[in-house]
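My notes follow in the order in which I made them.

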Amino acid sequence: MPASWFILCRVVDHYGDAGVCWRLARQLAREYDIDVTLFIDDIATLQRLAPTLDTTQSHQRIDRVTVQPLTNTLPPPAFWPEVIIDAFGGGLPSSWLAALERDFPLPSPARGEGLAPHWIILEYLSAEPWVETMHGLASPPPSINLPRHFFFPGFTEATGGLLREKTLISERDVFQHAFPDARRAFLERLGIDTLPPDALLVSLFCYDTPALPTLLDAWAASPSPIVCLIPETVAPETLQHWRRHYRIEASTTPTKHGALTLHTFPFLQQDDYDRLLWSCDLNFVRGEDSFVRAQWAALPFVWQAYRQNELAHLTKVDAFLKRYLADAPDNLKTALPDFARAWNDEQQTNRVADTWPLLAKQLPTFRKLAHDWVKQQTAQTDLAQQLTAFCRFHRSR
Ligand code: TRH
C-alpha cells in the first residue's frame, strides 16, 4: 500500500506557490509511488500551470495527483496521511488542528489510528547562510503529539536541496541536442518561425518594474538583434505604455523597435516553460520556481526576487550571487551583480542602461559558469529524495 502524503498549498501571490507544490506533488507520485493529495486554495492559478485541470471539479486526479480545494472549513480527512507538507507555512485548517489534538493529545501517547502524521513546514528558497542552521529543526506543536519540522530548500548539503526531477537533465540534453531540431519545432509552436542568425534570444518573465521600459530601450539600442519572448501575463500595462510611447501598434506581434523584436506568448503549461528556458540564450526569471528552473537550463539567467519589505529581497539576491559567482572570472563577478542590482532595486533603475552592455559582453563566460553550476548542484541530492529520506528516518524512530 503506497504511503499517503498531503500537500497543503495556500497561494499568496502569483504562480510560484502553486508551481512549487505542483512540481513536488508530481515528482513524489511519479518517482516515489506516493499517493499524493494536493489541497490548494486557488485551483484557477494551478490550472494555468496544468491546463487539463478542471476548475469546476472539487475532486480530480491528474498526473497521478489528487487535487482538492483547500478551505479553512475543510473537514478533517477520514484517515491521517503519513506526511502533511505545510507549504510555505500556510498552516492547517482549524478543524484539522482540533481533530489532531483529539487523536494525538499531549502528554498521553497517540490513540489515533496508526502513527501520527509528520507535519513538515516546507519553507521558501533562500541562499542566505542562516538557512543551514534552520533546516531540519524540530518545532513540535504545543498541543498535539506529533513530529513537526522545518524543511528548507537550498544550495548546499546542509539544506534540503532543490527540486529536480530524476529525468530533468537528460530531457534537457535531448531537447537541446536533438535532431530533428526540437528547439526549432518548439519555437515554431510559439509562432517564432525565423530568427536572425546573430540574434540573442531572451525569455523575459518578470514582475512589473520601472526597469522594464529602460531595459527594452537598451535592447532596442543594441548593436546586434535581440529577440525577446515575453508571456502575455507579464506587465501588460507597462508594455502597452512602452509601445504607445513609440507609436507601435498594440496588436502587432511581433513588436519591432530598433534592434529589438518582442514576441508575446500565452502562458505555457509548466513543462513547456522548461522547454522555453532551454531554447533561449538568456532567461530573465523571478520568484522561486522559474529561478530554479533557469539554473537547471544551464544557461545565463537574471533573477528578479519577489519584492519584500525593507528591501529583504535584495539581501536574497546578493546571497545567491555570492554563492553563484564564487568561482567566476572577475569581469562577470562585477557585471552580473551590477546589472542584477539595477534590475532588482527600483532606486537603481537608471543603471539598467549602462550595466546591460557590460553583462551582454560576459554572456559567453556566463554560459560556462552556468554549466559548471549545474554540475555542482546536480552532485547534491534533490529535494524530493531528501524529503522522503527525512520523513522515513523520523517515522522509524
Ligand atoms: O509567479 P512567481 O512570481 O511566484 C512567486 C514566487 O514563488 C515567490 O517565491 C513567492 O513568494 C510568491 O510567488 C508568492 O514566480 P515563480 O516562483 O517562478 O513561479 C512561476 C511558476 O509559473 C513556475 O512554476 C513556472 C510557471 N510558469 C509556467 O508554467 N508557464 C509560463 O508560461 C511561465 C512564464 C511560468
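**Second largest cavity**

I began with the second largest cavity, whose lining consists of F301, V302, W303, V317, F320, L321, L336 and A340. β13 (301-304), α11 (312-324) and α12 (330-344) are the elements that each give two or more residues to this lining. I took helices (H or I, at least four residues) and strands (E, at least two) as DSSP runs, numbered from the N terminus.

**Basis of the entries**

The model is predicted: local features need pLDDT of at least 70, side-chain atom pairs count only at pLDDT 80 or more, and totals for chains, interfaces and linings use all residues. Residues are numbered from 1 along each chain as its sequence is written, and side-chain values use heavy atoms, with hydrogens and water left out.

**Cavities overall**

I searched the whole structure and found five cavities of 30 Å³ or more. On a 1 Å grid over the protein atoms alone, a cavity is a set of points where a 1.4 Å probe fits but cannot get out, and a pocket is an open set with protein on both sides within 12 Å along at least five of seven lines; lining residues have an atom within 4 Å of a point. Grid points are joined across faces, edges and corners, and a volume is the space filled by probe spheres set on the points.

For the largest cavity I noted a volume of about 100 Å³. It has 13 lining residues, and V20, P153, L163, E288 and V292 are the closest to its centre. The lining of the largest cavity has nine nonpolar, one polar and three charged residues.

I then turned to the largest pocket, with a volume of about 740 Å³. Of its 35 lining residues, G16, Y207, G287, E288 and D289 are the closest to the centre. The largest share of this lining, four residues, comes from α1. By class, the lining of the largest pocket divides into 19 nonpolar, eight polar and eight charged residues.

The second largest pocket has a volume of about 570 Å³. Its lining has 25 residues, and S4, A78, F79, W80 and P81 lie nearest its centre. α3 gives the most to this lining, with four residues.

**Ligand**

A ligand oxygen is 2.8 Å from a polar backbone atom of G16, and a ligand oxygen is 2.9 Å from one of E288. A ligand nitrogen lies 2.7 Å from a backbone N or O atom of L268. The protein covers 97% of the 710 Å² of accessible area (Shrake-Rupley method, 1.4 Å probe) that the ligand has on its own.

Conventions. Polar contact = N/O pair within 3.5 Å; in protein donor to acceptor, adjacent residues only side chain to side chain. Nonpolar A, V, L, I, M, F, W, Y, C, P; charged D, E, K, R; others polar.
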